[in-house]
Amino acid sequence: MHRLAACACLLTFAALLGAALLGAVLPTATPLAPSAAAQGGDEGEMAETLFRAGQRELREGKAAAAEAAWQNALVLDPGHVNAHLALAALYLPGNPAAAAEHLEHARELRPASDQIHYLLGEALEAEGKVNEAMAAYRQAIHYNAANVVANRRLRGILRRLRAQQGVIERASEAFWGSPSLATLTLFGQMLLREGESQQALAELEEIRSRLPALPEVNLWIARVHRREGSLAGEIEAYRAYLAQQGRSAAVRLALVQRLLEAHHYREADRALVPLLAPRGQEPPRLDKPEQGRTAFLHSRLLAARGQIAEVGSLLLAASALDHEPAAIAAAFAQDTAAYPGAGSLWLALARWRQGRDQMPGAIDALRRAGLEDARLRGQAREALHAILAAAPGQTQARLALGELALAQGDRAGALAQLERIPAGDHADARAALLQGLIYRGQGDLERSLDAFLRYVFAFPDRGGMTYARGNLAWEIGNRAAAVAIWQERPDVLVDYPDALGRLAEQLQASADSARELDARQRLREATPQDLVNRERLGALLLQAKRAEEALQEWAYVADQRPGDFDLLTRIAELHLERGDLDAAMAALRRAEQVQELGLRQTELLARYLHRQGNAREALPLYWQVYQAQPDHPDLPAALPELVLKAPATAEMRLVAARMAESTGRAAVAIELLEDLLRLHPETEDARTRLAGLYLAQNLPEEAERVLAPLGGQMGGGAPARLAMLRMVADAQQRLGRRAALAVTLEQLQALEPANLDYRLRRGLLLVDLERYAEAVPLLTGVTIPPPEASRVRWALALGLARLERRAEAIAQLEAALMQDADLAPARKLMIDLLLAERRWQALPPHLEWWIAHNPTDDVARYNLVTAYLRLFDAAAARPHYLALLRINPARARSLALYFK
């Protein structure tokens, strides 16, 4: 009936599309496969051939064949518009979403076709996307104003919307006229029944903002989000409700269930805590269904996080409180598959099955409980004995008791049970194998051989005997022989998954990866629910460079064990290696909901968010990496960039600036520190670091500006203040602010009295400032290292000279010139002082040196001639007089009388 309806629908649409959609039909009766079509011409022609063949198939009522032909046409030519349109018409009655997809492709190929826009509108309308449908109808009318059908459909939607809007408006007026829980209920029902989701949300959001004391509006918002399939919106609405009405157990349970569906296990745990009774305290007041649901959801939370110890008892409690049996059965099935080694879970499953009179399943679960957990064997055996007491014919229970006794080393007890299993019983084969092992251990080879033969011949077919022979070799400890037997015919092992599992384990132990991979693939086909096998299979596929298949295996396991943190992080890392950042992000987000990410996972998540440009979320993660590993290689590049883009603390900005500076990005470091000081002007460390950067960039004005608010004072003790004052001094010196520099040097000297450099620098500066009385004490009585000694002595001599302490000044100059005979300022000052003191005898050597370095200095020549004349040495004076005649005859004439 569905296909006939589709045929009729397509013929109707053909009338609208015109003759082009129903062109001449080729005589071919069956659709051509692409490979066959490709032999008869180019791909476009073959696609057209397939399209026409599909038309013929549809006319004959063969909708599936028509669909296949049109799909093949699109494989050959994705731009075949008529094939898209034909498929859209075929899909529209039952699958409007698929129809809309093809019509979207057709619209891209022929954007000006009013018929395509119209058909797209009809598909969207069928999906319930009314606004998008109206837009499509309007486009159809835009390209063809005579499109009567599009006009009619558009008017019909508008009329319905006006009618709905009128109803909603009246309901809104009724609510706002008397806002209460009762009127909210009526209004909410109307919005859900008549309104579009976006309109309903807008109305409800307005109520929430204007009437915050009406928390029930959040529940209506949750219902709208549920209708739209928005899990995140529904969760947020429940959170908002519970923020005001935290005692509502029903809403809390709904929130927990949605959080579990979203894999938000850590938050689900926090949400469930108020409904759980702390030890030694009264449980919260819940009705029976709420108690059952609480126990069930608690079990789902613990199972998801791998905390399996209490899961079985919680499921039993939920069952006792009449929780849905189907949900509990599904939970037991999922958990035992995910955690097959959890004995407590098998024991709980056995009790549940017993309570539902499912004895075979209960016996198997008791057997598994005792074999998986030695601590539970006693309980399992007691339960099995009770079953036998009530039903002596339960041979599976005897077999289970024999296995458990044997596991405990009780061979006699095992034989007592196994020998009572009748020959030919369905449990006899396994019982014979176990008896044979016991007899062999007792040294009774004849009875052992009889039991083993009975076991092997219990399998009449060749495949079963291959299994039994290998199994026998395995049980007696000859693993190599078992593998050899099973490898003879591995195909038969699909019917014996326990043998496949043992074979895979042995191949894994012998590091035979290729054959292990084959065995595990066969085991997956036999028992797809074996998660241990599929997880190992994923690792083998990855090792074989088949990453896509490995991911499929691991994804299946992760769906069954959603709280497997290690597996989720391995999946994330593999996605990252393949460059699939979105999938890696999804896996890491799921892992984060199970437990806090470790350093490696945090780093991966931070790197992903950084690459995606999500600085706001990446920054706190990189900061966690920094706190755990400050020298992590990603940090110097990532942290400065992220801090510039996202809200950050003062410490983050300072660390980022330091990293930028250490990697030579001074401009970035400066920008970070400037931002930091705008937000946190009290951060002194940032000021000094920024000033240092500006000084390194030879920008002393900026350094001085940054340091000015400190006013020479700084917290953090003397070392911090010293560093700051040194930079202030550096900036002042570069800017030539000599008076201010003198003050700064005084402050530095006070902090470090033993530092000779500050004393000498300040003394020299005060000399330069002509503050000689302050300078002389600073430069007196200090031992100065040779490179600076002569210059300091000269400065001290200048200060002494200006204070009229000429003799002391001359003594300092003599010492300075002994250390540096070529110190011209010292020579000049010495000459001036000797002239002032009229010490003619000492003058000539200094004047001779000066003239040798300044031969055109007529004043020095004049003074030297005068000095020699006063010493009555005209012969020494004559050459200098003659030179003075050449340099400055007017000055020389005053001395001519002495040389006639």
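Reader: Why does N698 count as exposed?

Author: This is a predicted model, and in it N698 has a relative accessibility of 53%; since exposed means over 50%, N698 therefore counts as exposed. N698 lies in the loop between helix 39 (684–696) and helix 40 (700–707), and its phi is positive, about 60 degrees, although N698 is not a glycine.

Reader: What makes K545 count as exposed?

Author: The relative accessibility of K545 is 75%, and the label exposed applies over 50%, so K545 counts as exposed. K545 is found in the loop between helix 30 (531–543) and helix 31 (547–560), and its phi, near 65 degrees, is a positive value in a residue other than glycine.

Reader: Why is E603 called buried, and which residues is E603 in contact with, leaving aside its neighbours within four places in sequence?

Author: E603, which belongs to helix 34 (residues 599–611), has 9% relative accessibility; buried means under 20%, and E603 therefore counts as buried. Once the neighbours within four places in sequence are left aside, E603 is in contact with V625, H632 and D634.

Reader: Why are helix 29 and helix 30 called oblique to each other?

Author: Two packed helices are described by the angle between their axes and the distance between the axes. Helix 29 (residues 513–526) and helix 30 pack at an angle of about 140 degrees, with their axes 9 Å apart. Roughly antiparallel would need an angle over 145 degrees, and roughly perpendicular covers 65 to 115, so with about 140 degrees the two helices are oblique to each other. Helix 29 passes helix 30 in a left-handed crossing, and the residues making the contact include L517, R520 and R524 of helix 29 and L537, L540 and L541 of helix 30. Sorted by class, this contact has 5 nonpolar, 4 polar and 5 charged residues.

Key: Residues numbered from 1 in each chain as written. Predicted model: local features only at pLDDT ≥ 70, side-chain atom pairs only at ≥ 80, totals over all residues. Heavy atoms only, no water. Helix = DSSP H or I, 4+ residues; strand = E, 2+ residues; numbered from the N terminus. Buried < 20%, exposed > 50% of the residue type's maximum accessible area, 1.4 Å probe, protein only. Contact = heavy atoms within 4.5 Å. Axes fitted to C-alpha atoms, helices over the stretch in contact; angles between N-to-C directions. Parallel < 35°, antiparallel > 145°, perpendicular 65-115°, else oblique. Left-handed = near helix turned anticlockwise from the far one by under 90°. Nonpolar A, V, L, I, M, F, W, Y, C, P; charged D, E, K, R; others polar.
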